[in-house]
Amino acid sequence: MKYIRKYWAIFQITLINSLAYPGELIGRSLMIVPFMWIFYQLWKVTFSAAGTESINGMTLYSTMWYLMMAETIELSRPQLARTISENVKDGSIAYILNKPYNFLLYQFSNSMGETVFRAGMNALFGGLVVWWLVGPPPALQGWTFALLALLGTWIMNFCITCLIGLSAFLVEEVSPFMWIYQKFVFILGGFLIPLDFYPNWLQTIAKSLPFAYMIYGPSKLFVDPSMELLVNVLTMQAVWIAALGAILALSYRRGVTYLTVNGG
Amino acid sequence: MKHLKFLLAIWKANLQSVMEYRVSFLTQVIGMMLNNFIYFAIWLIFFDRFKDVRGWGASEMYVTFGVLASAFGLVSLFFGNAFVLGDIINNGRLDYYLSLPRPVLLHAVASRMITSGLGDFTYGFISYALSGQFTWDGLLRFILAILLAAVVFASFLILVNSLAFWVGIVSSFTNLMINAMLTFGIYPITLFDNYAKLILFTVIPAALMGAVPAEYIRAATWQTLAQLLLGAAILLGLAVTVFRSGLRRYESGSAIQVEV
């Protein structure tokens, strides 16, 4: 219990820190507004050109709320890879490693503290715009199921970005890995276009990779909640978290052996 | 001419500085090109499914994405500090540039090279070559369009960042504006109604960085060229005027330092 309390305290400190600059927080969260507006323009024209109200089970209403959830997830991701790679490159990791906590759990608590409030603000601003454009949000069940899947999304994202950050033990520059990871999330996660609109072969590929369970899973649960989908998303998230978590733990252990700290 | 020589000297020093870490340089350039390729695949998926958005298809997107990426890359490469000018103003780091007998704005914005910009710049040409609309005279128009779009983008960055003279920290607002400019620039202009188009030609001049240059490349008309030239000239004039007027309010941070 004491063990958990330590990380809970780290989470709380970061959460409070993120509230210290409300202007910055609001400014950053407003970014979702132009994105939602432009998505509305694109999908309104697309649905109108298709001459139908529903494409592969998605309407303009469900597409817009799906995209609101997808944007909320993406825009709330903290810059963890950059932070860790800078810690590794400038040697400040040495000051974190000798503290009485686990480095990975410290980073997780820290990143969650940043994510939670940012996600709330993004959902608020994005939700207001989408509500104004297409109508009220989905029912409570959608919110509940999406929230359950969000935790898995955040853990998976943590594992991948942490791995990218730790690659600074081996390479000078980690940003390209981050850009490419982000683009895989965009395409194979269904971030800009719901996977339902993809050709079948690409849907099959996307659903066999982790990215779909980070964006598509929670967003689809939000607009079209069903117990079957919830079980599927949570199961696949658990499988990927186990795999990615194991790779992360191993990589961290090996990475630390590369570390040379001179003086201090 | 004197300014050009000065700029060339800065760019040479910047290039030597980034080439010091060759692996990092190459990783960033190749990484950015890959990043753009993967990102563009989204549009290919979209147009494969929906074919056409009010007269815009994949071919038009290739050209628009190409000109926007190259213009963005050009500004990143040669005027990298334009992205963070607000932080420079806010942290009192203009002191260094003010203390030297060179144009302050030009010196400040040209003093940093963002390596990944080379990846964007190169990718833009590849995108144009893949568009199916490639012609040799089109390539000349592509180059002219990139230059004018880069002037528009750099001016926009200077304008937005110069707000730091009046309001202090502007990094969130700048990020918001850059994102809006790039997002609106890449989407088909035919999506927007007249009110939205007015915004895209004035407050967020994304049309002058994406749709108008792309239109000029596809079908050269004097009207589109005039539109581009006029837009770039007005924005550049405005950016320089606003920066100079803000500079009068600048308070030194007593932070004269050596910029490496």
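Author: One definition comes before the questions: a residue is buried when its relative accessible area is under 20%, exposed when over 50%, and partly exposed in between, with a 1.4 Å probe and protein chains only. This is a predicted model, in which local features need pLDDT of at least 70 and side-chain atom pairs count only at pLDDT 80 or more, while totals for chains, interfaces and linings use all residues. Residues are numbered from 1 along each chain as its sequence is written, chains are lettered from A and ligands numbered from 1 in the order in which they are written, and side-chain values use heavy atoms, with hydrogens and water left out.

Reader: Is Asn56(A) buried, partly exposed or exposed?

Author: Asn56(A) sits in the loop between strand 1 (54-55) and strand 2 (58-59) of chain A, where strands are DSSP runs of E with at least two residues and helices are runs of H or I with at least four, numbered from the N terminus. Its relative accessibility is 43%, and therefore Asn56(A) counts as partly exposed.

Reader: What is the value of phi for Asn56(A)?

Author: Most residues other than glycine have a negative phi. Asn56(A) is not a glycine, yet its phi is positive, near 50 degrees.

Reader: How many helices and strands does chain A have?

Author: From the N terminus on, the elements run α-α-α-β-β-α-α-α-α-α-α-α-α-α. The secondary structure of chain A therefore comes, by the DSSP runs defined above, to 12 helices and 2 strands.

Reader: How many residues of chain A are in contact with chain B?

Author: Contact means that heavy atoms lie within 4.5 Å. On the side of chain B there are 32 residues in contact, and on the side of chain A the number is 32.

Reader: What area is buried between chain A and chain B?

Author: Buried area is the accessible area (1.4 Å probe) that two parts lose on being put together, summed over both. In chain A, Ile38(A), Leu42(A) and Trp179(A) lose the most area to chain B, together 18% of what that side buries. Carbon and sulfur atoms give 79% of the whole, which is about 3,100 Å².
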